[in-house]
Amino acid sequence: MFRAVSTPLAQKFITGAVATTGLGASYLLYQDSITANAMTAAEHGLHPPAYGWSHNGMFETFDHASIRRGFQVYRDVCAACHSLDRIAWRNLVGVSHTASEAKAFCEELEYDDEPDDEGAPRKRPGKLADYLPSPYENEQAARAANQGALPPDLSLIVKARHGACDYIFSLLTGYPDEPPAGVVLPPGSNYNPYFPGGSIAMGRVLFDELVEYEDGTPATTSQMAKDVTTFLNWAAEPEHDDRKKWGLKALIVTSSLYLVAIWVKRFKWQPIKNRKIRFDPPKK
Amino acid sequence: MSFIASLFQRNSIYVATIFGGAFAFQGFFDVAVTKWYENHNKGKLWHDVKGKFLDGGDEDEDDE
Amino acid sequence: MSFLRDLIDFALPVAYAEEPENEDEVEESAKVEEEEEAEAEDQEEAVEDAEGDDEGDDEDEDDEDDEDDEDELKDPLDTLRDECQETSACKPYVHHFHECIERVTKEMEEEDYESKHYKEDCVEEFFHLQHCINDCVAPKLFHKLK
């Protein structure tokens with residue numbers, strides 16, 4: 001029937017009309033389903049701003065003094081509820097503490113030992129090879145102590161949240177004195193705009209001078225938040241400093257070899273690029 | 001012939017030169033980049049931080 | 001894209017000229033105050049030694065020994081947030097937010113609030129305000145922290 005319409009022009013017109021109608025209809029019908037931005041701003045969480053972390057940038061290491069202070073904040077404030085399962089005492093050595101200091105930390109704690117000769121369980125003091133202790137025996141105990149909410153393990157939290165350091169810092173310092181008018185929170189919850197949905201089980205934990213820093217740094221809320229975030233970033237990415245150094249070496253080598261490759265290619269191609277071909281038409 | 005040309009005459013010498021050169025370059029390159037990197041990040045590294053703590057001064061006998 | 005930005009930031013580091021001036025002023029005034037405090041301490045100690053070391057000792061020494069700053073410890077984050085709220089860029093958002101709070105609290109006092117189909121909250125206004133404050137605070141805060 002399409003071919004029955006005689007002129008090619010008419011056929012083109014009909015094809016065009018059908019295409020336009022089809023594409024237009026599809027766009028209008030499905031435009032809201034193509035993307036997954038079905039969240040309100042509150043559900044998405046307030047976007048954390050970019051702070052001037054000293055380890056931002058391709059060639060920047062962590063500030064290890066900040067890691068050391070951050071460990072103190074973790075141990076004195078966060079470890080009451082949050083585990084740090086993937087970090088062992090030995091990981092601190094050479095990063096934020098000396099081996100003696102790390103040993104002194106872990107020897108105060110008790111870990112399960114092999115049973116004695118009669119099979120009775122026993123305990124021993126910690127050693128560097130042991131992992132940092134969890135505040136709760138298991139998930140059920142953690143939930144029971146926190147109104148049903150599970151404080152997540154923090155060893156990878158910085159990599160596990162959109163916004164990484166900026167998000168963790170904003171979350172810790174972002175608790176307003178009261179939620180905006182009209183917001184209804186489930187009982188026992190706290191309002192934090194950065195947490196997706198706005199309603200978080202954890203309350204504000206950082207307050208000025210909660211911790212006393214050994215180097216005399218004033219322990220303001222934002223200072224402690226910065227330090228503990230740096231510490232948690234190290235815990236999630238202990239290879240960070242080495243990785244960036246290797247990245248620098250790789251960049252230097254690959255860019256140098258790239259330039260050398262360009263030069264060698266042009267050198268080898270020179271005869272071809274400069275040859276001249278002459279055509280002598282046959283004499284008739 | 002020149003010294004350089006003599007390196008290309010025997011393949012075994014050529015390969016050996018490359019291996020030796022790579023080894024030497026690698027050592028030099030690593031030291032050079034590490035030095036630059038640590039200088040760029042002066043004040044932030046554990047090495048610099050260690051001395052600043054009261055305890056750290058007394059206790060750092062055995063290690064890093 | 002952040003790779004190029006990193007290279008550029010590395011080659012052309014940005015420094016903020018305002019901060020050091022303030023810090024110098026604060027340091028100078030703090031030093032002057034510390035000197036005054038030290039003198040006052042010496043005088044007090046002399047007097048107390050003469051009288052006898054009992055009650056007043058610890059309190060006075062603690063008051064003057066512990067504080068690096070003039071008064072109590074003030075979080076630079078709070079200071080910056082307060083300052084940024086006053087800027088001309090963020091004042092309108094503060095205004096909208098307060099307007100919303102008034103509106104919503106009035107609505108909440110109405111009798112049929114419970115059965116209302118749509119209940120407004122001020123999250124949107126709050127987010128706009130926080131976003132403005134953050135844009136102002138974030139570039140400056142870490143210069144004030146150790």
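User: What percentage of the 64 residues of chain B count as buried?

Analyst: This is a predicted model, in which local features need pLDDT of at least 70 and side-chain atom pairs count only at pLDDT 80 or more, while totals for chains, interfaces and linings use all residues. Residues are numbered from 1 along each chain as its sequence is written, chains are lettered from A in the order in which they are written, and side-chain values use heavy atoms, with hydrogens and water left out. A residue is called buried under 20% relative accessible area, exposed over 50% and partly exposed in between, with a 1.4 Å probe and protein chains only. By that rule, the buried share of the 64 residues of chain B is 23%.

User: Is Gln9(B) buried or exposed, and in which helix does Gln9(B) lie?

Analyst: Gln9(B) counts as exposed because its relative accessibility is 59%. Chain B has four helices and zero strands, where helices (H or I, at least four residues) and strands (E, at least two) are DSSP runs numbered from the N terminus. Among these elements, the one that holds Gln9(B) is helix 1, residues 3-9.

User: How many residues of chain C are in contact with chain A?

Analyst: Contact means heavy atoms within 4.5 Å. On the chain A side, 37 residues take part, and on the chain C side the number is 29.

User: Which three residues supply 28% of the area that chain C buries against chain A?

Analyst: Buried area is the accessible area (1.4 Å probe) that two parts lose on being put together, summed over both. Chain C and chain A bury about 2700 Å² between them, with 69% of it on carbon and sulfur atoms. Of the area that chain C buries against chain A, 28% comes from three residues, more than from any other three: Leu73(C), Phe142(C) and Lys146(C).

User: Which residue of chain A forms a salt bridge with Lys146(C)?

Analyst: A salt bridge is a side-chain nitrogen of Lys or Arg within 4 Å of a carboxyl oxygen of Asp or Glu, and the rule finds one across the interface of chain C and chain A. The closest N and O atoms are 3.3 Å apart, and the partner of Lys146(C) is Asp215(A).

User: Which helix of chain C gives the most residues to the side that touches chain A?

Analyst: Helix 1 (2-11), helix 4 (76-86), helix 5 (91-108) and helix 6 (123-144) of chain C each supply at least two residues of that side. With eight residues, the helix that gives the most is helix 6.
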